[in-house]
Amino acid sequence: MSKKNFNFKDESMKDLINYLGLIRIKLGKSYLPLHEPDIDYKDQKEVIKGLKSGYVSSVGKDIVKFEKKLKYITKSKFIISTINGTSALHIALKVVGVKSEDEVLVPSLSFVASVNAVLYSNATPHFVDSEIDHFGIDPKKLDDYLKKNTFIKKNFCINRKTKKIIKALVLVHVFGHPAKISEILSICKKYKIKMVEDAAEALGSLYKGKHVGTYGDIGILSFNGNKIVTTGVGGAILTNTKKLAENSKHLTTTAKIKHKWDFVHDELGYNYRIANLNASLGISQLKKLSKYITHKRKLIYRLHKFFKNSNDFTILREPENCRSNFWLQTLVLKRSSKLKKNDILKKFHKKKILARPVWRPLHKMKYLKKYPKMNLNNAEILENKIINIPSSYYL
Ligand SMILES: Cc1ncc(COP(=O)(O)O)c(C=O)c1O
């Protein structure tokens, strides 16, 4: 879609909806998706090459090549690619030592995978609140909460109420915007908590010049079809610690001891390795990452201009010291606005445009209500303020 066509000359939501509706019709789509993968001829060629190699499952040269490319982009010392981001997070938690008797701090404002991975480890999620501005975990609130509700014993952070060890924290970079990594990292160090970065949405995002997911003990990425770069389904574990990388590789490959023909598995492992076929697609997709980010930055610039004088909305901005990948474009209803989230969504959907609210805060889900939590005011406010609008590369 050319820049000329993207003319936000009238400052109103109505015009944005009309404009996106027109794009939908021009593209001949029955619905304008939220985030569509961009699969071109080169992607197809790479996948066919992968198919022809005969290596379509969890071993093959393209996995090695894909991981090498990811290493180059993220500067992570080790990369272990997986079948998806959820499995990557499950293994990341396991290798940092999360056990069934532990608690893990998770933001309530996240996709359900962040908490499910904790439950797959049979650990207890403990919900924490997010910041109003960029939706990452609120460092001040977290520090105050841990000060009041925990104590340190034998180098572990103990929850005063449950007497369980708080072993890890999952730091989510929401919609690709880096959370306040330095502040959260120093809190984790202070309270002896492992930091696991859920950078599923944030490939290409930098915090103080360094790729997100590489600050904590370990991090993860997702390459689902709706992400900035896709392998169809896929994910990756990032770490700079050799031991964590080795354990991750071992657990994602059914804990099989390396041997030319023998099948010996030394613990309960998982069949979580990415398929070579998915990695083939990833190789050509990664080549386009910087182009995608450039396009998204242009799109956000135009959106800012459009909503500059809006009484109702702001556009989510890049946090300070960060370079965001702007994966999903985000409208935030101003506190003063009288508009209702669901009324706005209805208007988008009437024109067959897939806009969506932020996730329902996790602590409100029936199966998650029983778990410990701090006051989650901000997550509850944000639930009614955030709208993601179509953000595909071609816009
Ligand atoms: C914040 C977050 N964490 C984890 C995941 C899980 O990734 P996947 O869908 O690849 O399992 C996603 C993505 O969909 C996500 O948005």
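This is a predicted model: local features need pLDDT of at least 70, side-chain atom pairs count only at pLDDT 80 or more; totals for chains, interfaces and linings use all residues.
1. α4 passes α8 in a right-handed crossing. On the α4 side, the contact is made by I91, K94 and V95. On the α8 side, L244, N247, S248, L251 and T252 take part. By class, this contact has four nonpolar, three polar and one charged residues.

2. Now the sheet. Four strands form an open sheet in the order β12-β14-β16-β15. The pairing is antiparallel. Strands of a sheet pair through backbone hydrogen bonds.

3. Look at the edges next. β12 (313-315) and β15 (356-357) stand there. Each has a single partner strand, so one side of each is left without a neighbour in the sheet.

4. Take the partner of β12. Three bridges join β12 to β14 (residues 329-333), and the two strands run antiparallel. The bridge partner of T314 in β14 is V332.

5. α10 (residues 289-306) touches β12, β14 and β16 (386-389). The direction of α10 makes about 25° with that of β14.

6. Helix α11 covers residues 341-350. α11 lies across β12, β14, β15 and β16. Its direction runs at about 15° to β16.

Methods:
Residues are numbered from 1 along each chain as its sequence is written. Side-chain values use heavy atoms; hydrogens and water are left out. A crossing is left-handed if the near helix is turned anticlockwise from the far one by less than a right angle, and right-handed if clockwise. Contact means heavy atoms within 4.5 Å. Ala, Val, Leu, Ile, Met, Phe, Trp, Tyr, Cys and Pro count as nonpolar, Asp, Glu, Lys and Arg as charged, and the others, Gly among them, as polar. Two strands pair if DSSP finds at least two bridges between them. Axes are lines fitted to C-alpha atoms, for helices over the stretch in contact, and angles run from 0 to 180 degrees between N-to-C directions.
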